[in-house]
Amino acid sequence: MLPYGRQSIDESDIEAVAAVMRSDWLTTGPAVTAFEGDLARIFGVSPVVSVSSGTAALHVAYAAMGVGAGDEVITTPLTFIATASCASLLGATVVFADISEDTGNLDPNAVSAAMTNRTKVVAGVDYAGHPIDVTALAEIAHAGGALLLEDAAHSIGGSLDGQPVGSLADVTTFSFFPTKNLTTAEGGAVVSLHDDVIDRAVRFRSIGLVRDPAMLRSPDEGPWHQEVHAFGLNYRLPDLLCVLGSSQLPRLPAFKARRDAITARYNAGLAGIDELRLPSCREGADPMWHLYPLRIRDGRRRALFEHLRANDIGAQVNYLPVYRHPVYADLGYRPGMCPVAEEYYAQEISLPLFPTLTDVDVDRVIALIRGFVGA
Ligand SMILES: *Cc1c(COP(=O)(O)O)cnc(C)c1O
């Protein structure tokens, strides 16, 4: 089965990991510092806080922004559930705002309508790798005293108006899961334009431990002394995985070029068919295409999915609107609250897209789809 996504691992990655296996540090060592520095150069923002997954990154980010009971977090339903559930876990109320029909990203008008004096964070997702409308969303969030979070699990290496993803929103989170654009097996990262947020993120990632002598409440306790001032978790990313990330990063431009080329090949091969809607790109955006989200009208998505699966093509669907998960349904969220996202979901099918996918395979997928729609 041809998967919809897969990692690109080469011999240099394997050797880099093996070298750390032989070193003194399996975790909290020099490879962590190096990876965070490498990411900071890509994002143009430092420091970077590496964490153990994209989900951990969201939990850390919300906690660092002070999200808790009584707060509202506005987010998109067209995402992996962690974008919403990490805010729910902290006791906040999640408010779903609808998406723009072209990009599948949070619609600024819908966010505007959903803002209240309890809104603490507006959390957008760079769906499929296309950056959110940061300018509009940040303006709306800031006018209401809220911060903008960009869940960039899909979009490391992308940019908007020439500025890299990571440098755009108040806080940005990343995932390095194997199907994403760059992998550390499991892993993630948090960056912020605000020093206080990043300081809290650093502590939350490491159980809340404080070691800085200037901050200790009992500085004379002894040289071994450390304190916890706020609760945290152990979300550290070990050296073994950080070194894989550092080894992958120099190939990020090549990964992007190949993802661009495959996207262009699908676009050309599937153009001009009324039944299909191809992904669109807004002016100023340079997406890191993580998904190729094709839409098929007339209720034929499931049939196309099964047709591709029957031909060994592992397509995927991204995503069930988050509020339709039973955990949210049980809280009283009802289907139909975001009609644009519902329609997007009903039509969407993600085609195989990863750097080692061959043109021959892309053409086979195109031919199967053209055959299916009779084009
Ligand atoms: C993958 C993903 C996450 C979670 O990342 P993990 O590393 O799998 O925990 C969060 N948000 C989005 C949009 C994702 O695609």
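Trainee: What volume does the largest pocket have?
Mentor: Keep in mind that we're looking at a predicted model. Its chain is split into domain 1 (11-248) and domain 2 (252-373). As for the largest pocket, the volume comes to about 400 Å³.

Trainee: Which residues are the closest to the centre of the largest pocket?
Mentor: There are 29 residues lining the largest pocket, so let's go by the definition that a lining residue has an atom within 4 Å of a pocket point. From that set, the closest to the centre are Phe80, Ser175, Phe177, Lys180 and Tyr319.

Trainee: Where does the largest pocket lie relative to the two domains?
Mentor: Look at who supplies the lining. Domain 1 (11-248) gives residues to it, and domain 2 (252-373) does too. That's why the largest pocket lies between them.

Trainee: How do the lining residues of the largest pocket divide into nonpolar, polar and charged?
Mentor: Helix H3 (54-64), helix H4 (82-89) and strand E8 (171-175) each bring at least two residues to this lining. Taking the lining by class, you get 13 nonpolar, 13 polar and three charged.

Trainee: Which helices each supply at least two residues of the lining of the second largest pocket?
Mentor: That pocket holds about 330 Å³ of space. It has 15 lining residues, and Thr28, Val202, Arg205, Ser206 and Arg236 lie nearest its centre. By class, the lining has four nonpolar, six polar and five charged residues. The helices you want are H2 (30-43) and H7 (195-205).

Trainee: What area is buried between domain 1 and domain 2?
Mentor: The C-alpha centres of the two domains are 26 Å apart. Their contact takes 39 residues from domain 1 and 35 residues from domain 2. Carbon and sulfur atoms give 59% of the buried area, which is about 3200 Å².

Trainee: How many salt bridges are there between domain 1 and domain 2?
Mentor: For a salt bridge, a side-chain nitrogen of Lys or Arg has to be within 4 Å of a carboxyl oxygen of Asp or Glu. Asp102 and Arg282 form a salt bridge, with their closest N and O atoms 2.8 Å apart. Between domain 1 and domain 2, the count is three.

Trainee: What phi does Ala185 have?
Mentor: First find Ala185 in the loop between E8 and strand E9 (188-192). Ala185 is not a glycine, yet its phi is positive, at about 75°.

Definitions and conventions. Residues are numbered from 1 along each chain as its sequence is written. This is a predicted model: local features need pLDDT of at least 70, side-chain atom pairs count only at pLDDT 80 or more; totals for chains, interfaces and linings use all residues. Side-chain values use heavy atoms; hydrogens and water are left out. On a 1 Å grid over the protein atoms alone, a cavity is a set of points where a 1.4 Å probe fits but cannot get out, and a pocket is an open set with protein on both sides within 12 Å along at least five of seven lines; lining residues have an atom within 4 Å of a point. Grid points are joined across faces, edges and corners, and a volume is the space filled by probe spheres set on the points. Helices (H or I, at least four residues) and strands (E, at least two) are DSSP runs, numbered from the N terminus. Ala, Val, Leu, Ile, Met, Phe, Trp, Tyr, Cys and Pro count as nonpolar, Asp, Glu, Lys and Arg as charged, and the others, Gly among them, as polar. Domain bounds come from an automatic or database domain assignment. Contact means heavy atoms within 4.5 Å. Buried area is the accessible area (1.4 Å probe) that two parts lose on being put together, summed over both.
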